[in-house]
Amino acid sequence: MADAIKTLFKPGHTACAGCGQAIAARLVVDTAGPNTIIANNTGCLEVFSSKYPETSWGVPWIHSLFENAAAVASGIESALKYLGIKDKVNVIAQAGDGGTADIGLQALSGMWERGHDILYVCYDNEAYMNTGCQRSGLTPFEANTSTSPSGKQSLGNLRPKKPMPEIAVAHGIPYVATASVGYPQDVQRKVKKALSIKGTKYIQIHVPCPLGWRHLPGLTFDIAKLAVETGLYPLIEYEEGKLTQVRNLLKVKPVEEYLNPQGRFKHILNSPEAVKLIQQIADRNIEKYSLMETKA
Amino acid sequence: MRQFIEGSKAVALAVKLCKPGVISAYPITPQTHIVEELAQLVADAELKAEFVNVESEHSAASLVLGSTACGVRSFTATSSQGFLLMLEVLFNIAGMRLPLVMTCANRSVSAPLNIWNDQQDSMTARDSGWIQLFAENNQEVVDLHLQAYKIAEDKDVLLPVMVCMDGFILTHGAEVVDIPEQTLVDKFLPPFNLINKLDINNPKTLGAFADPDYYMEARFAMQVANDNALKVIPRVAGEFSKVFGRDSGGLFEGYRIEDAEQVIVSLGSLVGTIKEAVDELRREGKKAGVLKLITYRPFPASAIYQALKNVPEIAVVEKAVSLGLSGPLYADLKSSFSCSAKRTNKISGFVIGLGGRDVTKDSIKEIFDLLSKEEKACRFIGLKQG
């Protein structure tokens, strides 16, 4: 409990059991430390942490709307620059995948292009979980959500994930990384590294959602790790536009191991062709990012 | 110092005098000259501020929301479609009780696409909790901006203020304007000191969500703040008059209404034309007058009622329409007479000048003539025949 009390993300919030986002958010703010101001988009994290008159946040924290955390954070950063104290304060904007890749992408692109000294964190639980699991631009191929249901004519979500890290890199920002709540120390390292760099940073953290993905709450870490170990969620880092680090896989696990425990993929488990299409996505990632090659 | 300048430049110089630390900018006609002038002032180091070019009006409003939340005085400006794109954020800024000031260079809204002046854009925010001040001329534009920050930042108000000025007619019109000395403005407007702000030494949560146990009280508090503003706005106008030696601002201005038998109630630059028509009618022996509404929100219903209760014929003339009803100001004014059970005043509504349609003295006189006819909520004036 001593650690729980020391954290800047206090217990007592109303996240579901096994919520990957709650764990990742605590890792992020505790790594950033008390000299941090956070702008939060609307979404699960905002709702379960800030119900008036209570709050989990031990740092200055602001929520405005669904799509504008990047712009609000830009205003905070500008104000701190005006006050001459920007160098002493971290500014973090954070949101879910819908608030980042869909409705918030314009504001985020503007923030990237303007080069504000801000770390933007996307907690990627791969659908609009706050409204009950509707598909987003980061919902994976063939996942069953309430607006991409499987049926006689459909295998679920028809599109692959929007390549947000590459879109971030294309903006020419100095640091882009993916991370997974299954690897907490890696999350901490990346947040620390990002905050040591001046300019605009983007970290996308894979966070399982037991309700939306329909897995047992106790499996959050295992499933997060399996996404990485199968090659479906490569952990990568770009600095100044160059791919500088990937998390290598000593042994690649078949995608079934990741898909099996999740209700959102139940409809394809008896269809080898459908599973094969997901295996192809993993295989392409492994090749593209050289996940099997050990560095010299 | 008295200068012959464009209205947009007058806004920029007034804003500069208020010493904002953050300005967000996105171009839209007819607002653009305002942020262009501010950009130049920053570029020339005449104004020390962070000037941020954003990618949309939604972000323009969101950015100054964030900077105001840090306790830094901020500014932005917009018009028309940009205003509508901002609307979600505008409601949010008011609800978060952030005392931002922005300029709305009033313009029509699409469709059909039209870049010219009417006041349909800012009218869409009348339920947002923003205080809305309307300027008749560019001197008033300057004076209202100086007063706007003082009203917004008053501890009994803490609501954002928009200064509405007619697009092109004021933004692009040049006239002689007195730009006050910085020392006088500093005497009038104290530094911004926001109590509930984002500060690492005193961490607070802003923008918490409220369930049915709390939401209604938060909205009620905004209504109370609006009521408070009805007292603060005239007080600030009085302080302004003491420091700068001229009367400006307040809730409304009556022009020849004391003994008037016919009064037009209107907003913005239209009032200048109406005043001239009133003068001509007075010379003809007709007892005409005009009530210039400066503060549209909060709506000074009882003060207006007191000023007009004995006027037999009243016209509301406005450049906006709440489609399916009447002009919005007409509905507001009519409701302020609802306290009078035996109302004998005839109150008619007129929509005029939409999308930049020219408003002449003759069309104003036509309205005065129509006042003796049956009371009607919504007549369009100046439509083409046939």
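**Note on the predicted two-chain model**

1. Nine strands, in the order β10(A)-β9(A)-β7(A)-β8(A)-β4(A)-β3(A)-β1(A)-β2(A)-β9(B), make up an open sheet with mixed pairing. Its edge strands are β10 (242-246) of chain A and β9 of chain B, each of which pairs on one side only. This is a predicted model, so the points below concern computed values.

2. Strand β2 (residues 61-63) of chain A pairs with β9(B) in the parallel sense, over 2 bridges. Trp61(A) has Thr205(B) as its bridge partner in β9(B), and Ile62(A) stands opposite Leu206(B) in that strand.

3. On confidence, the predictor gives the complex an ipTM of 0.97 and a pTM of 0.97. Chain B has a mean pLDDT of 97, with 100% of its residues at 70 or more.

4. The contact between the chains takes 35 residues from chain B and 38 residues from chain A. On the chain B side, the elements that give two or more residues are β3 (50-53), α3 (57-69), α4 (80-95) and β9 (205-206). α3(B) gives the most to this side, with 9 residues. By class, the side of chain B that touches chain A divides into 19 nonpolar, 10 polar and 6 charged residues.

5. The domain assignment of chain B gives domain 1 (2-197 + 207-244) and domain 2 (252-381). The centres of the two domains, taken over C-alpha atoms, are separated by 26 Å. Their contact takes 27 residues from domain 1 of chain B and 21 residues from domain 2 of chain B. On the domain 1 side, at least two residues each are supplied by α5 (120-123), β6 (131-134), β7 (161-166) and α8 (215-244) of chain B. α8(B) gives the most to that side, with 5 residues. The side of domain 1 of chain B that touches domain 2 of chain B has 13 nonpolar, 9 polar and 5 charged residues.

6. The pairing of β7(B) is as follows. Strand β5 (residues 101-106) of chain B runs parallel to β7(B) and is joined to it by 6 bridges; Val101(B) has Val161(B) as its bridge partner. β6(B) also pairs with β7(B) in the parallel sense, over 4 bridges, and here the bridge partner of Leu133(B) is Val163(B).

7. After α2(A) comes Gly33(A), whose phi is positive, near 90°.

Definitions and conventions:
Residues numbered from 1 in each chain as written. Chains lettered and ligands numbered in written order. Predicted model: local features only at pLDDT ≥ 70, side-chain atom pairs only at ≥ 80, totals over all residues. Contact = placed C-beta atoms within 7 Å. Nonpolar A, V, L, I, M, F, W, Y, C, P; charged D, E, K, R; others polar. Pairing = 2+ DSSP bridges. pLDDT = per-residue confidence, 0-100. Domains from an automatic or database assignment.
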